[in-house]
Amino acid sequence: MDVPLPHLDRPFDYLVPEALDADARPGVRVKVRFAGQLVDGWLLERAESSEHPKLAYLEKVVSPVPVLSPEVARLARAVADRYAGSLADVLRLAVPPRHARAEKAVTTDTPPTDEPAPGGTEPDGSPADGTEPDGSPADGTATADGTAPGGVPSEAADAGARPGGRAEVDPRGWRDYPAGPALLRALTDGRPARAVWSALPGEDWADRYADAVAATVAGGRGAVVVVADARDLDRLDAALTAVLGAGRHVRLAAADGPARRYRAFLTARTGGVDVVIGTRAAMFAPVRRLGLVAIWDDGDDLHAEPRAPYPHARDVLLTRAQLGDIAAVVGGYARTAEAQLLVETGWAREVVADRAVVRARTPAMAPTGDDPQLARDPGAASARLPSLAWTTARDALRADLPVLVQVPRRGYVPSVACADCRAPARCPHCAGPLALPSAQGTPACRWCGRVAAAYACPECGGRRLRASVTGARRTAEELGRAFPGVPVRTSGREEVLATVPGGAGLVIATPGAEPVAEGGYGAVLLLDSWALLTRADLRAGEEALRRWMAAAALARPGTAGGRVVVVADGALAPVQALLRWDSAWFAARELAERRELGFPPAVRMASVTGAAEAVADLLAGARLPGDAEVLGPVPADEGRERMLVRVPRSRAAAMAEALHAAAGQRSARKAADPVRLQVDPLTLF
């Protein structure tokens with residue numbers, strides 16, 4: 001039942017009246033009477049009998065369309081158990097709200113079916129006899145054809161002929177990666193290849209994913225690809241249309257609107273297409289004969305679902321690959337510690353380019369804070385735009401090449417401080433940070449919006465303000481004065497540019513909104529690195545490197561005049577990884593440090609947030625594993641506190657089960673104060 005109460009997270013038995021017998025199929029939406037109220041639910045299974053002597057009847061079948069497939073139902077249960085959540089919460093994420101008109105248009109001619117696919121496979125794509133897709137043993141050992149446990153064949157095994165009748169996908173775009181062509185052949189053969197792909201600078205990642213999807217489709221299987229935002233989705237959409245042709249795939253994104261999203265969902269559910277792409281809304285897409293799940297830029301926080309039970313798209317897709325024994329690709333310019341763990345445990349193989357190719361494709365990179373630069377420019381340590389960055393931008397503009405400037409903050413001056421004592425300027429009403437909307441603007445609170453025209457510093461009484469953080473619009477204004485006559489464009493949350501034309505020009509962009517330039521940028525400047533590196537966050541270094549590499553990847557190669565300047569100390573580990581274009585080294589370093597300190601993904605952690613009494617009540621009733629550590633409390637927002645529960649990865653299921661059961665006990669006795677449970681949250685502190 002679609003009821004958000006943990007103690008009701010179990011199936012309930014109902015009788016099916018004869019009038020509803022034909023429509024009451026597994027997977028349909030229904031309405032039932034529960035506790036005197038009519039509630040929504042899902043019909044999971046039909047059975048001949050029940051252990052309960054007295055049952056109520058189904059009230060209504062909302063729609064005869066079985067929108068919940070057996071494969072997605074199993075996946076939803078596994079995700080709920082993984083994240084200490086309820087099945088109803090996961091199904092709310094997995095199946096979009098019903099849109100009657102779209103449903104009628106799609107299902108009139110092609111009703112959904114869960115009959116086994118041709119060739120003796122189940123609806124989830126696994127063979128009907130229970131063997132692995134490539135006939136290999138279920139223990140993950142190497143097979144006779146040379147396939148490694150990660151699923152990417154060795155070069156010796158790649159010489160074999162392709163199965164008859166399957167089109168060979170041109171591996172030209174993957175030849176820069178030694179294991180790339182082998183990955184495509186494994187996808188065409190239907191083998192469960194698992195890969196962690198580190199993309200080269202300037203790589204058209206959408207084309208590479210389109211090649212992987214085409215190889216999967218050539219082998220008679222389907223694919224699900226998840227990206228972070230609408231801009232990446234548009235890029236992948238265009239690449240797939242060029243490779244597969246129009247109408248061969250659908251896109252799932254909440255931003256597309258309820259009708260379009262539900263129509264795309266039903267098209268996939270009815271078998272109208274074999275490929276679904278989308279934002280995190282697509283991670284549960286019902287694709288028959290599924291052979292590949294893939295995610296791009298898994299470190300982007302947009303992949304984390306903000307609604308209970310807060311699953312991450314990467315983990316949902318990997319769970320799906322594990323349950324269905326299908327291929328998986330985790331790709332990005334930068335590598336996360338979670339992806340590195342997949343490589344180090346042997347679950348996946350890395351797909352990387354040789355160092356000679358990396359050097360040929362990488363732009364010339366330089367930091368501004370190392371000793372040689374400080375000797376030439378002593379002010380570089382404190383300057384926002386050191387002389388190296390300025391001359392690099394000037395040279396690119398003189399060569400009639402565009403320049404990208406990445407700044408971590410949007411707005412004009414998003415944070416101000418007292419000019420006399422440097423104390424942060426706070427709103428007198430709510431203590432929120434004050435900001436300047438423009439050069440002549442009046443300070444206003446970023447939280448409550450109140451104007452602080454007569455602001456006086458509570459520390460020293462000073463009335464003058466100075467910028468403590470500079471935003472994208474102020475940066476555009478400053479650079480416009482520094483380079484008169486040069487066009488200046490901004491790209492951020494308010495207006496995201498997809499592409500910029502060639503020729504001289506300055507583009508000021510916040511992370512994630514960098515447009516693609518025709519032929520690549522002549523220079524990329526990474527400013528205000530301290531704003532990323534000094535965040536109180538476990539992932540600060542990883543996130544800084546991810547954002548820098550995404551911007552640097554848009555520059556021309558060094559041989560074509562491309563240059564990247566990062567305003568940071570070259571001795572810092574994230575900067576070193578950027579200069580060498582070696583995110584795998586940094587990810588391995590991060591993972592080793594987290595193992596030593598006991599942080600995810602080396603361990604599993606759960607965050608328990610709420611009122612102090614409620615948190616203590618839940619943990620007191622939880623039968624946690626004996627080796628669980630309870631850390632805290634630490635302050636949370638709005639007067640609440642947070643406790644952390646840490647267990648070894650092997651005990652993760654026991655921890656999640658214990659916390660979910662404790663939450664069920666509290667909801668059963670109608671405890672007043674809510675408690676938020678989150679397993680492996682992106683932010684711990």
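User: Say a nonpolar core is a set of buried Ala, Val, Leu, Ile, Met, Phe, Trp, Tyr and Cys residues joined through side-chain atoms within 4.5 Å. How many residues are in the largest one here?

Analyst: The largest nonpolar core has 72 residues. Buried is under 20% relative accessible area, exposed is over 50%, and partly exposed falls in between (1.4 Å probe, protein chains only). Keep in mind that this is a predicted model, where local features need pLDDT of at least 70 and side-chain atom pairs pLDDT 80 or more, while totals for chains, interfaces and linings use all residues. Residues are numbered from 1 along each chain as its sequence is written, and side-chain values use heavy atoms, leaving out hydrogens and water.

User: Which residues have the most contacts inside that core?

Analyst: Those are Trp197, Val213, Leu236, Leu578 and Trp581. Helix 5 supplies the largest share of the core, nine residues. Helices (H or I, at least four residues) and strands (E, at least two) are DSSP runs, numbered from the N terminus. Another core, of 69 residues, lies apart from this one and includes Val67, Ile326, Val343 and Leu659.

User: Back to tryptophan 197. What does it touch?

Analyst: Counting heavy atoms within 4.5 Å as contact, and skipping residues up to four places away in sequence, tryptophan 197 touches Trp174, Tyr177, Trp205, Tyr209 and Trp296, among others. Tryptophan 197 is buried, at 2% relative accessible area.

User: And how many aromatic pairs are there?

Analyst: There are 13. Rings of Phe, Tyr and Trp (its six-membered ring) pair if their centres lie within 6.5 Å; planes under 30 degrees apart are stacked, over 60 edge-to-face, and the rest tilted. Tryptophan 197 and tyrosine 209 have ring centres 5.7 Å apart and planes at 40°, so that pair is tilted.

User: Which elements do those two sit in?

Analyst: Tryptophan 197 is in strand 4 (residues 194–198) and tyrosine 209 in helix 5 (residues 205–218), so the pair ties together parts 12 residues apart in sequence. Tyrosine 209 is buried too, with a relative accessible area of 2%.

User: Tryptophan 390 and phenylalanine 483: stacked or tilted?

Analyst: Stacked, at 5.6 Å centre to centre with 20° between the planes. Tryptophan 390 lies in helix 12 (residues 387–398) and phenylalanine 483 in the loop between helix 13 (472–482) and strand 17 (488–491), so the pair ties together parts 93 residues apart in sequence. Tryptophan 390 is partly exposed at 31% relative accessible area, whereas phenylalanine 483 is buried at 7%.
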